[in-house]
There are 2 protein chains.
Amino acid sequence: MRILITGGTGFIGKQLAQKLLDLNTLTLEGEAPRSIERIVLFDAFAGEDVPSDPRIELVTGDVADPEVIARVTDGVDLVWHLAAVVSSAAEADFDLGMQVNLHGLMLLLETLRKQGTAPRLVYASGFAVFGGKLPDVVDDDTVLTPQSSYGMQKAVGELLVADYARKGFVDGRVLRLPTVAVRPGKPNKAASTFFSSIIREPLVGLPAVCPVRPDTRVYLTSPRRIVESMLLGMTLSPQTLGGERIIPLPGVTTTVADMVAALQRVAGEQATQLIRWEPDATIQRIVESWPSKVQAPSARALGFNADPDFDAIVRAHIEDTAN
Amino acid sequence: MRILITGGTGFIGKQLAQKLLDLNTLTLEGEAPRSIERIVLFDAFAGEDVPSDPRIELVTGDVADPEVIARVTDGVDLVWHLAAVVSSAAEADFDLGMQVNLHGLMLLLETLRKQGTAPRLVYASGFAVFGGKLPDVVDDDTVLTPQSSYGMQKAVGELLVADYARKGFVDGRVLRLPTVAVRPGKPNKAASTFFSSIIREPLVGLPAVCPVRPDTRVYLTSPRRIVESMLLGMTLSPQTLGGERIIPLPGVTTTVADMVAALQRVAGEQATQLIRWEPDATIQRIVESWPSKVQAPSARALGFNADPDFDAIVRAHIEDTAN
């Protein structure tokens with residue numbers, strides 16, 4: 001099996017690649033297991049700690065460059081399209097966000113379509129497709145009202161992938177991701193990056209800044225669950241999915257205060273004292289524009305799971321980073 | 001005032017241009033009346049019966065050609081973007097639909113953005129953004145689930161225009177149009193074209209084909225109301241609109257049987273006998289995927305109106321074509 005992961009040197013890409021290498025074979029629902037021959041990790045950056053394995057090929061380049069996209073998609077069976085300019089960066093640099101998040105996806109879809117083999121594609125969207133006045137609980141039938149260019153680009157991406165799937169050009173699946181925490185590594189330019197920092201940094205004795213109020217609510221999922229969901233989203237058969245190709249994922253609703261309380265339960269009060277509270281109105285506005293209470297009945301029916309609670313997410317992060 | 005109407009030789013474009021010429025001035029809400037200096041009608045086709053007036057400039061070209069779009073948008077104050085490949089054509093020729101309906105819009109938005117003057121833009125969307133399993137009544141908060149590439153392209157266009165407006169790049173307004181009937185002129189490649197043909201042709205003694213069952217429901221508006229709505233959508237102030245830039249328009253819900261009954265009341269039974277019933281499963285499927293019962297509270301609050309009933313639409317068509 002020949003696999004492409006765009007955004008492949010990001011933390012989800014790397015964890016997904018390592019999981020695939022460990023599995024060695026992948027079983028698509030209703031099919032025989034197939035060995036994993038090659039995984040192309042494609043990204044704008046070479047990144048760090050990329051899994052070292054003869055089956056891994058690292059390719060750096062521009063996701064909107066037709067030549068490089070033709071090369072990395074050549075003969076590919078499965079594509080995870082994770083490459084994206086994150087929320088705050090796409091808001092600050094409109095052209096960059098459009099280039100990567102929209103034109104990059106359109107180029108990838110057209111390139112895969114022209115191969116004529118309808119490869120499988122998992123597209124990572126997010127709950128930033130919502131914003132503004134929202135119902136108390138967002139569900140699979142809530143209208144998309146993005147209030148950021150990133151959210152608009154992801155909403156457009158969902159529609160494009162669904163239509164390419166409907167037309168049979170790609171076997172596309174959209175996973176709408178909750179905010180992912182606790183992310184390993186360093187902060188990035190996502191408005192949501194502090195949701196990881198305020199746990200990750202104090203756990204290793206480092207200070208972290210929280211730019212929002214303690215009562216700020218958030219809809220979260222852990223890296224472990226995301227990797228599981230990425231695999232399930234790819235392996236489910238077209239028959240199981242039918243025409244429903246946009247899958248909002250289950251997650252955990254919590255507050256920043258509850259996250260800090262979980263940190264305290266695990267690491268003591270000295271850890272929570274490493275958090276500096278420095279309100280940032282822009283980040284508060286962006287984060288509050290996302291839904292925090294979500295029901296995801298379609299995903300749950302398909303077998304996608306949420307973490308039990310935020311304490312479990314913190315414990316899993318500690319286990320994963322101890323390795 | 002310098003005005004651009006794309007799709008300007010289509011029937012809505014021509015009627016809108018004639019209305020603007022008749023008005024001679026346009027008053028934007030909260031502003032003084034301004035004279036209409038120039039109207040560029042831009043289209044892929046020269047068309048017929050284009051209003052003859054020194055203020056009209058007819059330009060033909062490709063909506064996805066940067067050079068021609070730069071020329072027709074130069075110094076423009078108001079843009080009505082009506083150019084589109086219609087539903088059945090966009091479904092049959094995916095590349096053409098993407099080129100005109102998506103890349104054409106993206107080029108227009110970028111070109112207007114680069115002018116730096118945030119001109120006003122009215123974008124014509126349609127209820128084909130809906131499809132599949134729908135609630136009994138569609139309203140302003142119903143999730144978009146297009147089941148055609150045309151519908152996907154319009155849904156994407158709505159999101160793009162709304163975000164360009166949010167960012168202040170254009171003063172964009174999206175009007176989501178019901179099916180327009182009775183259209184003057186000839187049938188086109190819209191799946192909905194027969195909704196006009198079955199009235200228009202029998203009224204002048206010509207045969208027409210109806211490809212759907214008599215109980216097929218449809219959500220309609222008249223050309224008169226559309227031209228009114230196009231003007232209102234442009235003249236409303238940014239303050240009145242606020243952040244709500246996607247406006248689903250009110251219309252009339254009727255059935256094909258009721259349309260034929262209205263024809264009979266106006267033109268007698270000999271007119272209805274000119275309709276040949278030739279079921280077409282593809283058209284039936286497409287038309288049935290659109291919503292037929294719609295509530296449009298936001299638009300009504302802003303002053304947009306529907307026709308009173310289908311009989312009134314037929315009478316207006318007869319008046320308009322008698323001129």
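**Reading a two-chain model**

Tutor: Let us begin with one residue. At 37% relative accessibility, B:Glu278 counts as partly exposed. Please keep in mind that the model is predicted.

Student: With which side chain does B:Glu278 meet in a salt bridge?

Tutor: In general, side chains of opposite charge can pair when their charged atoms come close. Here the partner of B:Glu278 is B:Arg276, at 2.8 Å from N to O. B:Arg276 is partly exposed as well, its relative accessible area being 43%.

Student: How accessible are A:Asp77 and A:Arg34?

Tutor: A:Asp77 is partly exposed, at 26% relative accessibility. A:Arg34 is also partly exposed, at 33%.

Student: What do the side chains of B:Asp77 and B:Arg34 form?

Tutor: They meet in a salt bridge, at 3.9 Å from N to O. B:Asp77 sits in the loop between helix H2 (66–73) and strand E6 (78–81) of chain B, while B:Arg34 belongs to strand E3 (residues 34–35) of chain B, so this pair ties together parts 43 residues apart in sequence. B:Asp77 is partly exposed at 25% relative accessibility, and B:Arg34 is partly exposed at 34%.

Student: Which residues are linked with A:Asp171 in a network of salt bridges?

Tutor: The network links A:Glu31, A:Arg120, A:Asp171, A:Arg173 and A:Arg245.

Student: How should I read a pair of aromatic rings, and how many such pairs does the structure hold?

Tutor: A pair of aromatic rings is described by the distance of the centres and the angle of the planes. The structure holds 12 aromatic pairs over all chains. Among them, A:Tyr164 and B:Phe94 are edge-to-face, with 5.1 Å centre to centre and 90° between the planes. A:Tyr164 lies in helix H5 (residues 149–166) of chain A and B:Phe94 in helix H4 (residues 94–115) of chain B, so the pair joins two chains.

Student: Are A:Tyr164 and B:Phe94 buried or exposed?

Tutor: Both A:Tyr164 and B:Phe94 are buried. A further case lies within chain B: the ring centres of B:Phe127 and B:Tyr219 are 5.0 Å apart and their planes stand at 80°, so the pair is edge-to-face. B:Phe127 is in the loop between strand E7 (120–126) and helix H5 (149–166) of chain B, and B:Tyr219 in strand E11 (residues 217–221) of chain B, so the pair ties together parts 92 residues apart in sequence. B:Phe127 counts as buried at 6% relative accessibility, and B:Tyr219 at 3%.

Student: Which residues form one aromatic cluster with A:Phe94?

Tutor: A:Phe94 forms one aromatic cluster with B:Tyr164 and B:Phe169. B:Arg113 lies over the face of B:Phe169, at 4.5 Å from the ring centre.

Student: Finally, what rotation superposes chain B on chain A?

Tutor: A rotation of 180° with 0.0 Å of shift along its axis does so, with an RMSD of 0.0 Å. That is the relation of a two-fold axis. The same surface serves both copies, for 100% of the contact residues of chain B recur in chain A.

Technical notes. Residues are numbered from 1 along each chain as its sequence is written. Chains are lettered from A and ligands numbered from 1 in the order in which they are written. This is a predicted model: local features need pLDDT of at least 70, side-chain atom pairs count only at pLDDT 80 or more; totals for chains, interfaces and linings use all residues. Side-chain values use heavy atoms; hydrogens and water are left out. Copies are superposed by least squares on the C-alpha atoms of residues with pLDDT of at least 70 in both. Contact means heavy atoms within 4.5 Å. Buried means under 20% relative accessible area, exposed over 50%, partly exposed in between (1.4 Å probe, protein chains only). A salt bridge is a side-chain nitrogen of Lys or Arg within 4 Å of a carboxyl oxygen of Asp or Glu. Helices (H or I, at least four residues) and strands (E, at least two) are DSSP runs, numbered from the N terminus. Rings of Phe, Tyr and Trp (its six-membered ring) pair if their centres lie within 6.5 Å; planes under 30 degrees apart count as stacked, over 60 as edge-to-face and the rest as tilted. A charge sits over a ring if NZ of Lys or CZ of Arg is within 6 Å of the ring centre and within 35 degrees of the ring normal.
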